Amino acid sequence: MNQNKFVKLFALVVFVAFMLISCWATVESLHLLLPSWPVPIFWVATFGIFFLASMGSKMIIDSFNPNLFIDNRGAHLIGGIL
């Protein structure tokens, strides 16, 4: 049981580390493309898009999980794709 908590904590730490690296690289890329725009705008937009993509991925995965009771799985799948 204790090992399961360690694995979950490790997975969370790795996910957050990769999220920050991905968002940082995206912000740097956008700042190179549009150098006159302030950097905080890119951070807000990048985190917003990352959040939407994460929620969409969760909706897609949950729509295929037979162990969860979800009304209208097709709508969750289409909503996750969009």
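Surface patches are made of residues with over 30% relative accessible area and no salt bridge, nonpolar side chains being joined within 5 Å. In the predicted model described here, Leu9, Leu12, Val13, Phe15, Val16, Leu20 and Phe47 form a nonpolar patch of this kind. Together, these residues expose about 620 Å² of accessible area. Helix H1, which spans residues 2-33, supplies the largest share of the patch, with six residues.

Aromatic pairing was examined next. A search of the whole structure returns four aromatic pairs. One of them is formed by Phe15 and Phe50, whose ring centres are 6.0 Å apart and whose planes make an angle of 45 degrees. The arrangement is classed as tilted, because stacked pairs have planes under 30 degrees apart and edge-to-face pairs over 60. Phe15 belongs to helix H1 and Phe50 to helix H2, so the pair ties together parts that are 35 residues apart in sequence.

The structure contains one salt bridge. The side chains of Asp62 and Lys58 form this bridge, with an N to O distance of 2.4 Å. The two residues are four positions apart in helix H2, which means that about one helical turn separates them. Asp62 is buried, with a relative accessible area of 16%, whereas Lys58 is partly exposed at 45%. The side chains of Asp62 and Lys58 are also listed as a polar contact of 2.4 Å. Beyond its neighbours within four places in sequence, Asp62 is in contact with Leu68, Ile70 and Arg73.

Ser63 is likewise placed in helix H2, which covers residues 39-64. The relative accessibility of Ser63 is 8%, and the residue counts as buried because the limit for that class is under 20%. The side chain of Ser63 reaches the backbone oxygen of Ile60 at a distance of 2.7 Å. When residues up to four places away in sequence are set aside, Ser63 touches Ile70, Arg73, His76 and Leu77. Ile70 and Arg73 are also among the residues in contact with Asp62.

Further positions were described by accessibility and by C-alpha separation. Ile41 lies in helix H2 and is partly exposed, with a relative accessible area of 44%. The C-alpha atom of Ile41 is 9.1 Å from that of Val27, the two residues being 14 positions apart along the chain. Leu52 is also found in helix H2. At 61% relative accessibility, Leu52 is classed as exposed. Between Leu52 and Gly80, which are 28 residues apart along the chain, the C-alpha separation is 9.1 Å.

Leu82 is located in the segment that follows helix H3 (73-81). This residue is exposed, with a relative accessible area of 84%.

Terms used. Residues are numbered from 1 along each chain as its sequence is written. This is a predicted model: local features need pLDDT of at least 70, side-chain atom pairs count only at pLDDT 80 or more; totals for chains, interfaces and linings use all residues. Side-chain values use heavy atoms; hydrogens and water are left out. Patches are made of residues with over 30% relative accessible area and no salt bridge: like charges are joined within 9 Å, nonpolar side chains (Val, Leu, Ile, Met, Phe, Trp, Tyr) within 5 Å. Accessible areas come from the Shrake-Rupley method with a 1.4 Å probe; for residues, only the protein chains shown count as cover. A salt bridge is a side-chain nitrogen of Lys or Arg within 4 Å of a carboxyl oxygen of Asp or Glu. Buried means under 20% relative accessible area, exposed over 50%, partly exposed in between (1.4 Å probe, protein chains only). A polar contact is a pair of N or O atoms within 3.5 Å; within protein, one must be able to donate a hydrogen and the other to accept it, and residues adjacent in sequence count only if both atoms are side-chain atoms. Contact means heavy atoms within 4.5 Å. Rings of Phe, Tyr and Trp (its six-membered ring) pair if their centres lie within 6.5 Å; planes under 30 degrees apart count as stacked, over 60 as edge-to-face and the rest as tilted.
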